[in-house]
Amino acid sequence: MVLNQYISEKLEAIRKEKHIGVYTLCNKAAISYETYRSIRKNRNKDIYIRTLLIILRALDITPFEFFQDPMFNNNELDIDFK
């Protein structure tokens, strides 16, 4: 699996688990809907760390909790260099 795809899927899973709507998350994180949508739909090859941290804060989850997932320690996790 590609890193950005996994990050976007994990963010969506957390958002849904916490019952937070997309627009609510965007407002709370002070990011545009288009920014989050591009992350959700894997349209961007890169996700800025700053943006990810802002989203995590809005979801009330620490970076440690987010990256503690064993998938991030998986050698099969691909980074798209194209």
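The protein folds into 5 helices and 0 strands; helices (H or I, at least four residues) and strands (E, at least two) are DSSP runs, numbered from the N terminus. The order from the N terminus is α-α-α-α-α. The radius of gyration, taken over C-alpha atoms, is 12 Å, close to the 12 Å of the globule rule for 82 residues, so the protein is as compact as a globular protein of that length. That rule is 2.2 Å times the number of residues to the power 0.38.

This is a predicted model: local features need pLDDT of at least 70, side-chain atom pairs count only at pLDDT 80 or more, and totals for chains, interfaces and linings use all residues. Residues are numbered from 1 along each chain as its sequence is written, and side-chain values use heavy atoms, with hydrogens and water left out.

Of the 82 residues, 38% are buried (under 20% relative accessible area, 1.4 Å probe, protein chains only).

Now take helix α3, residues 33-40. Its buried residues are Y36, S38 and I39. They cover an arc of only 160° around the axis, which puts them on the same side of α3. The arc is that of the directions from the helix axis to the C-beta atoms. Their cover includes α1 (3-17), α2 (22-29) and α4 (49-58). After α3 comes N42, with a positive phi near 60°.

Definitions and conventions
Buried < 20%, exposed > 50% of the residue type's maximum accessible area, 1.4 Å probe, protein only. Contact = heavy atoms within 4.5 Å.
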